[in-house]
Amino acid sequence: LEIPVALDGIVVVVNKQNPVKSLTLEQLRKIYRGEITDWKDLGGAPGAIVTYGRENSSGTYAYFKEHVLKEQDFSPRTQTLAGTAAIINAVSKDANGIGYSGHGYSEGVKMLALAAEEGAEAVEPDEAHVASGAYPLSRPLFFYVDQAKYTDMVADFVNYCLSPEGQAIVMETGYFPVQKKEKADGSASAEATPAATPEKRPE
């Protein structure tokens with residue numbers, strides 16, 4: 001069973017001193033392919049772009065390669081780092097650096113708005129744009145459960161994660177809830193999916 005439990009946006013990050021505010025996916029592809037190599041070509045201050053990326057065992061690496069590079073190879077200049085924290089740390093100290101990470105790990109750097117194509121509006125990786133899919137690098141995060149071993153205990157855990165309390169933890173860790181439910185007072189909370197069974201996965 002594939003069960004969505006949170007929403008995430010793969011954010012593109014640069015140093016806080018970098019004046020560039022947004023990129024198109026095509027510009028981002030060319031940066032990581034080594035076809036755009038200087039920030040001045042993107043409206044920034046002159047300086048060689050330093051690209052940072054994840055190791056090829058990372059799910060974020062695989063997602064970025066598929067959705068940004070269209071399964072082409074990264075430029076050999078890309079510095080591979082073991083872990084998102086290492087990328088954020090490197091970019092925070094490198095005025096010419098650029099990297100990518102999950103939304104929950106982007107403190108201390110500047111997140112760029114992204115446009116799906118030339119001429120399209122660049123959108124921020126905030127909750128509304130990730131939830132609607134308007135942000136080009138939005139993705140759900142899943143639990144995968146062996147249906148044959150989907151016991152009541154597992155179902156209880158899954159439904160706790162989908163409950164308002166569980167979804168509050170999702171938000172505390174920097175991700176976004178999978179569902180919203182309007183309360184009587186007009187505020188919103190995550191909505192729990194009915195208890196899962198082996199015959200029916202949470203929707």
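Select Phe157, which lies in helix H5, residues 152–162. The model is predicted. Phe157 counts as partly exposed because its relative accessibility is 47%, between the limits of 20% and 50%.

Next, show the aromatic side chains. The structure holds 9 aromatic pairs. One of them is formed by Tyr61 and Phe74, a stacked pair at 5.0 Å centre to centre with 20 degrees between the planes. Tyr61 lies in helix H2 and Phe74 in the loop between H2 and E4, so the pair ties together parts that are 13 residues apart in sequence. Both Tyr61 and Phe74 are buried.

Phe143 sits in strand E8 (residues 138–144) and Phe157 in helix H5, so the pair ties together parts 14 residues apart in sequence. Phe143 is partly exposed, with a relative accessible area of 26%.

Now select Tyr32, Tyr61, Phe64, Phe74 and Tyr100, which form one aromatic cluster.

Finally, select strand E3, residues 50–54, where 4 of the 5 residues are buried. E3 runs parallel to strand E5 (residues 97–102), joined to it by 2 bridges; Thr51 has Ile98 as its bridge partner in E5. E3 also runs parallel to strand E4 (residues 79–81), with 3 bridges between them, and here Tyr52 is partnered by Gln79.

Methods:
Residues numbered from 1 in each chain as written. Predicted model: local features only at pLDDT ≥ 70, side-chain atom pairs only at ≥ 80, totals over all residues. Heavy atoms only, no water. Buried < 20%, exposed > 50% of the residue type's maximum accessible area, 1.4 Å probe, protein only. Pairing = 2+ DSSP bridges. Phe/Tyr/Trp six-rings, centres within 6.5 Å; stacked < 30°, edge-to-face > 60°.
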